[in-house]
Amino acid sequence: MEAFGLLLHGFAVLLTWKTLLLMMVGLVLGIFVGVLPGLGGPNGVAILLPLTFTMDPTSAIVMLSCIYWGALFGGAITSILFNIPGEAWSVATTFDGYPMAQQGRAAEALTAAFTSSFIGSLVAVLLITFLAPMISSFALKFGPPEFFAVYLLTFCSFVGLGREAKHKTVISMSLGLLLAGVGMDTVSGQLRMTFGSAELLRGINFLVAVIGLFGISEILLTMEERLALRGHAAGISLRVVLSVWKDLPKYWMTLLRSSFIGCWLGITPGGAIAASFMGYNLAKRFSKDPESFGKGRIEGVFAPETAAHASGTSALLPMLALGIPGSGTAAILLGGLMVWGLNPGPLLFVEHKDFVWGLIASMYLGNVVGLVLVLTTVPIFASILRVPFAAVAPMIVVSCAIGAYAIQNAMFDIWLMLGFGVVGYVFKKISIPLAPFTLALVLGNRAEDAFRLSMIGSGGDMTVFWSNGLVGTITTLAIVLLFWPLIDRAFAGLTRLVRPARA
Amino acid sequence: MSNPELDIVVDDPTAPEAGSPAVVGSGAVDVIISLLLLALAVILGWDNWRTGASWDSTGPQPGYFPFYLSVILGAASLYGIGAALISRREAAETFVTRAQLRRVMAVFVPTFLFCLATQYLGLYVASFLLIAGFMRLVGKIALWKSLLTAFVFTAAMFVTFDIAFDVIMPKGPLEAAFGY
């Protein structure tokens, strides 16, 4: 019940006119970037981050998380009306959402999408409210070896469970870890990999890299593809909203199942995309009428949206409690926290109670305000797509440059951003995943420090990572996950050997 | 194909034609990038070796962690080269067609010039030039619309960042003339 009291305190922190206004501004900006083709959650948060640099941390994170909610809501608009998924995890929403729009049921589909996003996020926020304090107080007992083991687990699960070619994930991750090490070594104070350049002394800033990798490269990619939009305009009337909500209880099983899948996959890194597809497929499998999926079934909108948003939200749980982001966007939010001098991890819950509970309360409030806002303003946002890309593209480039410069007031960072833009473009085209890179860049220094501190503590003895039950379990699990594809194949081979013998 | 049910239609007159010849295949780019990454791994590995990549009395030296990462990066790139050379399927895929490349360059070159202009003229002048120029030359939008949009956007950015939020952007001779 302590959590409940603290949460109420969080609401008290938030309920000022200034914060509510910031919330609305954040949501509108978020929906805006979510609707624009080629920009989504991580890009939007990265580009708009500099706006928040001069605010106090609580207002800043409230605004950022609202940008994130807004972008999530905005992604659903383009998926349903234009058949263009704003993010990879909106792909499953287009399967049934767009057919519904074609049948003239766009308003229904949009209401369903927004409502299920709301439900999915709400379940995940509830989970965060009650689980995060427990995990963080448990994690307070962690020493460097435990932390290194958890980082290792994060990295290994990306390699083992990712869908991309393994060596490409490894390339992306080791490159990120290496670039994180450029500049002054935090333990010894020695310079590394700077090659005598004064500009590299500062190191490669995570946010500069992210703005280039996601913002600039996305503009290049969007321009390369054929950009022609054909879609439906839609307004949502109160009558439609109420009729969809009246039917909601019928789909409680789908909603519950998808929320559960989403929360589970969201906590493990990189799960949102998998969650949306899994939610969709399970809804289809358990349906009495699987044939009608893909032809405009409202359940086909409920299932993936709930799962995607539950997982997008629960990705913030490991970030808050352990300092390990569960998704690309969570990684960027984590980068933001560090800009304000807040060190995410278990200590955050002890040292910055106001901040943490303000953030969690803002998730509740931002979701409610976002739902109302998005239901009332869909027609306006859908018409943003009429603005020609030739006008939007240069504005995004300028916003990216402002963002990159503002972080350290360095012109060099604008060039770095451009460089990362090209790298991001090429990597995306030859399918080297960017999420592991982002994660490695933001966690690199902490992972290395944890490793070196455990080595110093143990006198260079690697067995420190198996020195007690907890750290041993995590390390072993990490190694199992790293070789998971091999183990999986071995198991499949074994069962194939065993089965004919039984028959 | 006309569809009366569609309410919002935005056509892109500059979209690449379907039958544009490929400039380079995905397989070739894969190999080139892997080679570059391998070179990077060697350079960084060498630098870290120089810094000290072994153990001393206090534990691992500063170069230890990054040195082994360079080894991992190098090994993964080598594997990548091998995999790309063996797989014929990827080699046949198109990395970028000539028409696509032209469009990418239509964004990249202005962005590059914008960065260059920011260095010498300041961000706001560069931003005005980029938006107006891009809308007019690439988007073929009417000159007055382009100039007006560029001016309004740049002014809004200036008010938001330099005045309201005190985030100071690089400035050039024009701002200096106005006393900023």
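Q: Where in chain A is confidence lowest, and where is it highest?
A: In this predicted model, confidence in chain A is lowest in strand E3(A), residues 229-231, at a mean of 63, and highest in helix H19(A), residues 411-429, at 90. The score is pLDDT, the predictor's confidence in each residue, from 0 to 100, and the elements are DSSP runs numbered from the N terminus (helices H or I, at least four residues; strands E, at least two).

Q: What does chain A average?
A: Chain A averages a pLDDT of 80, and 94% of the residues score at least 70. Where pLDDT is low, the predicted coordinates should not be read in detail.

Q: And which parts of chain B have the lowest and highest confidence?
A: Helix H3(B), residues 88-92, is lowest at a mean of 59, whereas H5(B) is highest at 91. Chain B averages 81, with 86% of the residues at 70 or more.

Q: What ipTM does the complex get?
A: The predictor gives the complex an ipTM of 0.87, together with a pTM of 0.82.

Q: Switching to H17(A), what does it span between its end C-alpha atoms?
A: Helix H17(A), residues 353-384, spans only 39 Å, whereas a straight helix of 32 residues would span 46 Å, the expected span being 1.5 Å times one less than the number of residues.

Q: Where does H17(A) bend?
A: H17(A) bends by about 70° at Thr377(A), and Pro379(A) follows within four residues; the bend is the angle between axes fitted to the seven residues ending at a residue and the seven starting there.

Q: At what angle do H7(A) and H20(A) cross?
A: The axes of H7(A), residues 144-161, and H20(A), residues 435-458, cross at roughly 145° and come within 8 Å, with axes fitted to C-alpha atoms over the stretch in contact and angles running from 0 to 180 degrees between N-to-C directions. By class, this contact of H7(A) with H20(A) has 13 nonpolar, three polar and no charged residues.

Q: How are residues and chains labelled?
A: Residues are numbered from 1 along each chain as its sequence is written, while chains are lettered from A and ligands numbered from 1 in the order in which they are written. As this is a predicted model, local features need pLDDT of at least 70 and side-chain atom pairs count only at pLDDT 80 or more, whereas totals for chains, interfaces and linings use all residues.

Notes
Ala, Val, Leu, Ile, Met, Phe, Trp, Tyr, Cys and Pro count as nonpolar, Asp, Glu, Lys and Arg as charged, and the others, Gly among them, as polar.
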